[in-house]
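Biologist: Could you take me on a close tour of the last stretch of the chain, and show me how that part relates to the packing inside?

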Amino acid sequence: MLEQMGIAAKAASYKLALLSSREKNRVLEKIADYLEAQSQEILLANEQDLLEARRNGLSEAMLDRLALNPKRLKGIADDVRQVCKLADPVGQVIDGGLLDSGLRIERRRVPLGVIGVIYEARPNVTVDVASLCLKTGNAAILRGGKETWRTNAATVKVIQQALEECGLPAGAVQAIESPERELVNQMLRMDKYIDMLIPRGGAGLHKLCREQSTIPVITGGIGVCHIVVDESAEIEPALKVIVNAKTQRPSTCNTVETLLVHQDIAATFLPALSKQMAESGVTLHADEQALALLKSGPAKVEAVKAEQYDDEFLSLDLNVKIVADLDAAIDHIRQHGTQHSDAILTRTLRNADRFINEVDSSAVYVNASTRFTDGGQFGLGAEVAVSTQKLHARGPMGLEALTTYKWIGFGDNTVRA
């Protein structure tokens, strides 16, 4: 089965690479229209997935990731339309010039070919990946989690109908519908057909892909994100940012998981934090120093466990640790962070500059929520992933991250001396 999918995807990628921006946008508009016109089929499939997920005891955070509703589905369709408005990077000349030999050379963006994506309970990823791949002339092979197989199948069926309506092969976007884990292992070895692999899921999935894949892998999407509150931070504005970073959508990878508070502000700041977190329904997990200042407050609080500094809660839970200075905060982030998104709340320019220069994450913020690490928020349109590695792509991966380049030389019967 996978062999045939690979053959179809590779053949489709050759056709997609030849499409003009206008032709690709026409396909995307058709997909967006079909998603809305056939929303009932997708939502019905999603209801069945949700029902089974509840029976299997999935957490509320995972159920939130899985769930679709008319508003979310319309938002997904609108994201596809937004991709239409973005500049097409394919064919863009990155640089070049005339050499002494008389050869005129340029470096031009081209599609990668076939993109493989393995993801968990995020049905919106199906459309995000398909739209970005199609915009950049790439074919896609998708393997969603077993929790979403009905939703993904229904969504891909709609996308394939739109493709065929536009005269393009259905093999341009395919989904592995079977939940069998062995198919993932087989997919990791499809280097003959898949040019780049993107896992979107937990640490176990990323580890599996790094160790077993024969295909180049882009890792990321695991967010143990931090906010540092330094001694100069203003309490009310800081609390506003923290509430947003923790509660706006707790199940996302750019949600803050650990708060690092400077010891000089802790006695004033932590009681105010307790009051705000109680109102927001957040449970605090505090180190020994912070626990002493929080236990008499209204928020639910308990002693932090060492392993909680290294894990995503993906829920209304927040670690709180008191640090002696910015050096200690940066050291904690280096030890426990995942190079995803980290922020500092400060009114000191020197501390802001130090944080920017010394915290080696794909996105760093000064006086802003970590929740902004998102392709849409960055103006990239829908994102295919958030990369926390350093090669090829880093941070939210938009259109350019799904291209490579080729060198092109133009001569006049030019030969090398």
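Modeller: Happy to; here is a walk along that stretch, starting with some ground rules. This is a predicted model, in which local features need pLDDT of at least 70 and side-chain atom pairs count only at pLDDT 80 or more, while totals for chains, interfaces and linings use all residues. Residues are numbered from 1 along each chain as its sequence is written, and side-chain values use heavy atoms, with hydrogens and water left out.

Let's begin with the loop that holds H392, between β14 (385–387) and β15 (395–397); strands here are DSSP runs of E with at least two residues, helices runs of H or I with at least four, both numbered from the N terminus. H392 has a positive phi of about 70 degrees, and it is not a glycine. Most residues other than glycine have a negative phi. At 47% relative accessibility, H392 is partly exposed, a class that lies between buried (under 20% relative accessible area) and exposed (over 50%), using a 1.4 Å probe and protein chains only.

V384 and M397 are among the residues that touch the most other members of the largest nonpolar core, which has 75 residues; L35, L134, I141, M187 and I198 are listed with them. Such a core is a set of buried Ala, Val, Leu, Ile, Met, Phe, Trp, Tyr and Cys residues joined through side-chain atoms within 4.5 Å. Helix α6 (residues 123–135) gives the most to this core, seven residues. I198 links the story back to our stretch: its contacts (heavy atoms within 4.5 Å) include V384, A385, M397 and L402, as well as I115, G116, V117, I118 and I218, with neighbours within four places in sequence left aside. A separate core of 32 residues, with V261, M277, A363 and Y365 among its members, lies apart from this one.

Next comes strand β16 (residues 403–410), where T404 sits. With a relative accessible area of 31%, T404 is partly exposed. Beyond residues up to four places away in sequence, T404 touches R108, R109, V110, P111 and L112. Looking back along the chain, V386 is 18 residues from T404, and their C-alpha atoms are 18 Å apart.

Finally, N413 belongs to the segment after β16. N413 also has a positive phi, about 55 degrees, without being a glycine. Its relative accessibility of 75% makes N413 exposed, whereas H392 counts as partly exposed.
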